[in-house]
Amino acid sequence: MKIEVTEALWFDESREVSLAELAEACGISEAELNELVDCGVLAPIDPQANQWTFRSNCLVAARTAFRLCHDLDLDPHGLAVVVRLLERINDLERELRHLRAQMPGGSR
Amino acid sequence: MKYKDYYSILGVDRGADADEIKKAYRKLARKYHPDVSKETNAEEKFKEVAEAYETLRDPEKRAAFDQLGSFQPGQEFRPPPDWWKQFADTGPTFEDIDLADLFAGLTRGHARQGRGGKIPVPGEDYEVAVHVTLEQAFHGAEVDLDLTLPEYDDQGFPRRVPRKLKVRIPRGATDGQKLRVPGKGGKGLNGGRDGDLYLSIVLHPHSLFRVTGHDLYLDLPLAPWEAVLGTTVKMPTPGGPVNLKVPPGTRAGQQLRLAGRGLPKPHGAAGDLFAIVQVAVPTVLNERERGLFKQLAEGSTFNPRGHFESE
């Protein structure tokens, strides 16, 4: 059986997506997305704009946030704290990898 | 179908009330949620726990589960004859249904019936980790994915179907990179859109190169005289060997940068390759070598610890 090859796509950071597109792409309602913006988990490019737009990599953030919220029964504020802390852990782990890579004979 | 004991998965009694079930679920979810947990098998464990909770939290499904009877986990069983009539309007059209899918099917069946028609249900999105080597990340690669995704029959009952997929990973996808494969997730139902597949790239450790973002680091051992006099060395890079000029007086720990020799970036540019200099010392010397070092020691005015004395 021949299997066709599918392209995996980058999240093009220069591309902007509308609230409706984001909702469609991550299977979350616009109302739920609004809530994520309200509690500071998602940031529109221009919060003052009439029609919000987002960087397309917000897709991953929105999906993660929604999953956490649903699975752990978090309220919006609890969710915001968890997301902030997860971001910090991510940054610290990246920093750690960077430092380890620079260590001669470094641990891999 | 194989039996799973949802009560023992959550660690509660069969008679537990809704509150106890919720409490038990929350405790286990905090421990095993794949987004926050570092436990091994966190994802698998969480799936089990979530599946148990999905059924036990809903009084109707819990009653249906209780009516199945009690078996040993993993034991083959069939629902009692009148079970289908009582809890589902119709049964699935296939035999090899999974217990989780059976209960998921009850909801879907009800949603469909309740609204008096077939409503489109979008397919689910799935996230999978894809392991690639540094060479694959550098050149781009086609990788085979073996997935198990649900498909639905006319009644809305899901069935896990193995699916083989070939995906092209673009060059320059580095560790932790997320990629999207549109339309390759779960199938939509009643004309709903198909879900997407999210890939999370995991880079295999390489024996020579250490990766951070798109930059690479490599240890470059030099002989003492090479570090002192300078030299040209043939350096391995993911794109093939290149000549690197080492200037005279190169110190251990210094980083020599080969611009653009790291992993390619999505929009044209590329990371850098850094060679970290190490001065390697021969541990076994022949007569002549020993003589030359002695000569150097006697004739040199170099004092590497001059700064100790000014203290």
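These legends go with a few close-up views of a predicted model. Local features need pLDDT of at least 70 and side-chain atom pairs count only at pLDDT 80 or more, while totals for chains, interfaces and linings use all residues. Residues are numbered from 1 along each chain as its sequence is written, and side-chain values use heavy atoms, leaving out hydrogens and water.

**View 1. A:D73 pairs up with B:R26 across the chains.** Their side chains meet in a salt bridge, 3.4 Å from N to O (a side-chain nitrogen of Lys or Arg within 4 Å of a carboxyl oxygen of Asp or Glu).

**View 2. A:E93 meets B:K38.** Here the closest N and O atoms are 3.5 Å apart. Helix α4 of chain A holds A:E93 and the loop between α2 and α3 of chain B holds B:K38, so this pair joins two chains. B:K38 is exposed at 69% relative accessibility, while A:E93 is partly exposed at 30% (buried is under 20% relative accessible area, exposed over 50%, partly exposed in between, with a 1.4 Å probe and protein chains only).

**View 3. B:R180 reaches B:D196 within chain B.** This salt bridge spans 3.1 Å, N to O. B:R180 lies in strand β4 and B:D196 in the loop between β4 and β5, 16 residues apart. B:D196 is buried at 3%, but B:R180 is partly exposed at 22%.

Key: Chains are lettered from A and ligands numbered from 1 in the order in which they are written. Helices (H or I, at least four residues) and strands (E, at least two) are DSSP runs, numbered from the N terminus.
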